[in-house]
Amino acid sequence: KMGAVDVFIAHLRNNDPTVREQAVWALGNVCGDSSTHRDMVLKRDDALKALVDLCNHNGSNITTIRNCAWTLSNLCRGKPKPNF
């Protein structure tokens, strides 16, 4: 059974750039909602790698890259500090 975070992370690798953009935006909202949600995303081994890969993907437009940066910043925010 997949939860929303699992689906969003999987969609970061989708072939459709619109789906990738929406997935990174949705994931950023989840991460920014609370430290509990942020930590839930950080516990996923593939989340950070998928975000960094998307930022480096040649097919990513500037909006997707900005959303990636925003999502990554949400992963670094909050109290208690994230445990990397």
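Analyst: One definition to begin with: buried means under 20% relative accessible area, exposed over 50%, and partly exposed in between, using a 1.4 Å probe and protein chains only. Asp-46, at 29% relative accessibility, therefore counts as partly exposed. The model is predicted, so local features need pLDDT of at least 70 and side-chain atom pairs count only at pLDDT 80 or more, while totals for chains, interfaces and linings use all residues. Residues are numbered from 1 along each chain as its sequence is written, and side-chain values use heavy atoms, with hydrogens and water left out.

User: What makes Arg-44 and Asp-46 a salt bridge?

Analyst: A salt bridge is a side-chain nitrogen of Lys or Arg within 4 Å of a carboxyl oxygen of Asp or Glu. The closest N and O atoms of Arg-44 and Asp-46 are 2.7 Å apart, and the pair forms a salt bridge. Arg-44 also meets Asp-6 in a salt bridge, at 2.1 Å from N to O. Asp-6 lies in helix α1 and Arg-44 in the loop between α3 (35-42) and α4 (47-56), so this pair ties together parts that are 38 residues apart in sequence.

User: Why is Asp-6 called partly exposed, and which label does Arg-44 get?

Analyst: The relative accessible area of Asp-6 is 25%, so Asp-6 is partly exposed. Arg-44, with 24%, is also partly exposed.

User: Is Arg-38 buried or exposed?

Analyst: Arg-38 has 0% relative accessibility and therefore counts as buried. Arg-38 forms a salt bridge with Asp-39, with 2.8 Å between the closest N and O atoms. Asp-39, at 27% relative accessibility, counts as partly exposed. A search of the whole structure finds five salt bridges.

User: Why is α1 called oblique to α2?

Analyst: Helices are DSSP runs of H or I with at least four residues, numbered from the N terminus. Axes are lines fitted to C-alpha atoms over the stretch in contact, and angles run from 0 to 180 degrees between N-to-C directions. Angles under 35 degrees count as roughly parallel, over 145 as roughly antiparallel, 65 to 115 as roughly perpendicular and the rest as oblique. The axes of α1 (residues 4-11) and α2 (residues 17-33) come within 8 Å and cross at roughly 140°. That makes α1 oblique to α2.

User: Which residues make the contact between α1 and α2?

Analyst: Contact means heavy atoms within 4.5 Å. On α1 the residues are Val-5, Phe-8, Ile-9 and His-11, and on α2 they are Val-19, Arg-20, Ala-23, Ala-26, Leu-27 and Val-30.

User: What is the angle between α2 and α5, and what does that make the pair?

Analyst: α2 and α5 pack at about 20°, with their axes 8 Å apart. That makes α2 roughly parallel to α5. Among the residues in the contact are Trp-25 and Gly-28 of α2 and Asn-67 and Trp-70 of α5.

User: Where is the cis peptide bond?

Analyst: The peptide bond from Lys-79 to Pro-80 is cis, with omega near 0°. Pro-80 is placed in the segment after α5 (62-75).

Technical notes: Helix = DSSP H or I, 4+ residues; strand = E, 2+ residues; numbered from the N terminus.
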